[in-house]
Structure formats: C-alpha cells, structure tokens
Amino acid sequence: MVNLNTVPPRNNRDYYIAIGLEGSANKLGVGVIKCSRSAHMASGDNSHNCDVEILSNIRNTYVTPPGEGFLPRDTARHHRNWCVRIIKQALEEAEIKNPHLDIDVICFTRGPGMGAPLHSVAIAARTCSLLWDVPLVGVNHCVGHIEMGREITKAENPVVLYVSGGNTQVIAYSENRYRIFGETLDVAIGNCLDRFARTLKIPNAPSPGYNIEQLAKNCKNKDSLIELSYTVKGMDLSMSGILAYIDTLAKDLFRGNKKNRLLFDKETGEPKVTVEDLCYSLQENLFAMLVEITERAMAHVNATQVLIVGGVGSNTRLQEMMGQMCKDRANGKVHATDERFCIDNGVMIAQAGLLQYRMGDYVKDLSETVVTQKFRTDEVYVSWRE
Amino acid sequence: MASSSLDHTLTLDIPFETEAQASIAMRVLQPDPILRPQDFEVTYSTRGASLVVSVASVDDRVLRVGVSNIIDSIKTIVETADELSLQQ
C-alpha cells in the first residue's frame, strides 16, 4: 500500500502546489503544478493518476549559433541571467500571491546533467526555499521525465524509452527502482543528432534534432538507405562510430570529394545523395536500433506499453516506428507526449518532486542539495510505487 | 606541493539589506564542496547585515577563478532576494 497523503498541504488547503526548477542542460524551465489531495491517493498504486493541473510551464532555451554546441560555462551564465525572471513569470501566471502560504514544495534538478548549469539553478532554489520557508526536494532528472510521462499518458507500468541529448536508456520498473535494461555505451542519441546538425551547420533553433527531422521528411528517395553500421550490443547500443562515419560522408559531400563513389557518380561526377538522404538514413538506422532494444525489454518484463520520454521523444518518426512495433506485438500501445513535456521542463521536476514530498522525502539539511553530474536513474528509491 | 601554504588571501564584505538576508546567503553558499580543497579554501560568515567571504588560495589565478564563481552565485542570491522576497 502506498499512501501519498502522509504530508498534509500547507495553510489547510485540500490541494498541493509544487514549483519545479529545471536547468540540467541548455533549457531553463520553471513550472507550477496543482494536485488535489483526494482520498483515493491514500492507498493503492495511483502515482500515475494524480489529477495534476498545470498552472504554468515556462521555458527559456539557450540557443547557440549554427555549428556550435552549448558549453557548461555559457549555459550556466544564461541560466543565471534568466532564472529569477522565469520564476517570477511562472509565479505570476500561476497566480501565486504568497509563496510562503501557497507553495508546498520547491523541486529542483539535482542531477544528472552539466555541473555549472545545475549549480546555478540550485542556488536560486535554495535561496527561494530559505526566503519563503518552503521545503526543498532534489529530483533525479530522468525520474522527472518518467513521472511526467506517466501522469500525462496514464500509462500504468510501461517500458520507458528515455532518449535525450545526454541520455539513452531503456527502463522498466521493478521493486521500487526504475531499472536500466539497456543504454548507450558512448554518446546519447540526442548528442549524436545534435553533433551531426553541427556538421551540417543547420540552425539550433528550435532544436537541432527537430531540424534534422524536417530535413529527413523531405528525403526524395526513401527506398535506398545509405548503409550505416547497426551497432546493437546485447541490450546496449553504440552510436559514436555511426556519427563519425556519417560526419565524414557529410564533409566529403560539402567538399565535393569526387573520389567518394558512395556519394558521387563514377562517370558523371554528379552527387548521388543529398543532405536530406543522410538525415533520413541516420534517423532510420538509429531509431531501428532503439526499437529493437525496447522490444527486447518488453519481452523480458512482459509489458505491452511503451512510454517515450526525453527531447528526442518528440520526434514523430520515432513515435511512428515504435507504434508499428507495438502494434505487431499483441496490440501493444505506445505513449508519447508533445514537446511541452518531452523536452526538458520545470513541470516534470515539480511532478516527480511532489510525489517524493508526499511520501515524506524532502531535504532536511541543505547539505543534501549539492548537485551531482552523475546520478543514475536506479539510484532513486521509488517509494511512491508498489 | 600537496601541503603548500594557501598564502594568497582575499576577504569580501558584501552588504545586504537585512541580517536575515545575509544569513540566508551564507547558508545557501555553504553546502557546496570545493573542487580542489588543497588549492582553495573559503569560509563564509556574517557580520551584522554583511556577508563576509574569506578566501585563501595557492596562487592568484586559482584565487581569481574561485572568487569569480562565488561572486556569480552571490549575484543570483541578491537578485532572488530583491525580486522574490515575501511582501511584508
């Protein structure tokens, strides 16, 4: 039995209000959620069905020029510059008048992510906590994604595919942990796509992955894929080799290296492939690998549902391929959310943090709020599930 | 090298509006560990409505980088206190 009502809301309210602060990568997000303290939450396993109402969900992204990635130092500076403004905006939109009375808990990302950006947001979270006398909860970023995905899609016990700029993991729940079944052995899928976007010098707004997706959609010859290695290793996968290879292809194409017979016709010297073809083949190849390990995880745990979370999860082609696989497997179902919840945001941190808080697990001493770059998904004890 | 003396020192005295704010700043800054404790040391305290930051380091380069990071954090705290304090 899980009782999510152990900690009563402040100020004799019959609902909880949580604010979430996220800043583990180049997105700075602040979200406020409201969640009723209904009787059915006092027993059973209902953490995926909390009737969450989103009062505000503000995000500000640090966008770098084409061909450039975001560096920790500059990203931290961006977060410091915007943090207070975004918090203020989120509070105004949520019509929070007095944070001391109206907010139950401040949730912030404790890790994993880039150290400097995480730290800059944690400083603001600690200050707010002391100014308002509101407790803090440090949240694991991956768990934030999972809990938000479950709440939005109402998927009770799905296999979770977590794909973003920094992480690629297949996760399934078992005995109070989100256990990692398979993951990348080197770079994350989002990192792979972002870096290829840098080679192509395409814009980083709204996101490099989105722009690759649009290019891939315009691919004219989808029947002939460019051959790339398919590197699934057991339950894990590797993507750095694929990236290095396709990077060389793109550079040869731009330089007009006619010696490359894959790219240029032997007789006429005309290019045989386009940038769109490269994007399409890269996506198909990587996503096929993801679908394979996800399917294997489903077979292991006997699941019928897949939940895709993380920034790359907003890719419609990935959702489509995963949907096809689920359909072929005994009427499975794929759950995905749109960019508001897939891409890093404050609301997901608030959601996971509030569950933690309602189980009585919050920061008792500020020394527990030190951020950490390495924080694995299975380190978190998931007390709010059976 | 390991036990070289931290003889490059600097003390910052940062005034806040109230004693409570200075104390909040101190408590916010204190938890974070120093990445290279053998090269850099910092202690936070308050004197009235002022936050006192005492820094000691092996050379002026490490000192400059460390102090610059602390000031960045303090800027966030000051801005948060200015903009998000509870209205009395």
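Two residues count as in contact here if their C-beta atoms, placed from the backbone, lie within 7 Å.

1. A word on the model. This one is predicted, so local features need pLDDT of at least 70 and side-chain atom pairs count only at pLDDT 80 or more, while totals for chains, interfaces and linings use all residues. Residues are numbered from 1 along each chain as its sequence is written, with chains lettered from A and ligands numbered from 1 in the order in which they are written.

2. Where the chains meet. On the chain B side, 18 residues are in contact with 21 residues of chain A. Both α1 (19-29) and α2 (60-84) of chain B supply at least two residues each to that side (helices are DSSP runs of H or I, at least four residues, and strands are runs of E, at least two, numbered from the N terminus). The largest share, 10 residues, comes from α2(B).

3. The sheet in chain A. Look for an open sheet of five strands, ordered β8-β7-β6-β11-β12 (chain A), with mixed pairing; strands pair if DSSP finds at least two bridges between them. At the edges sit β8 (177-183) and β12 (333-336) of chain A, each pairing on one side only.

4. One strand pair. β11 (residues 305-309) of chain A runs parallel to β12(A), with four bridges. Opposite V306(A) you'll find V334(A) in β12(A).

5. Helices on the sheet. Helix α8 (residues 275-301) of chain A packs on the sheet and touches β6 (159-163), β7 (168-174), β8 and β11 of chain A, at about 155° to β6(A) (axes are lines fitted to C-alpha atoms, for helices over the stretch in contact, and angles run from 0 to 180 degrees between N-to-C directions). Helix α9 (residues 316-328) of chain A lies across β11 and β12 of chain A.
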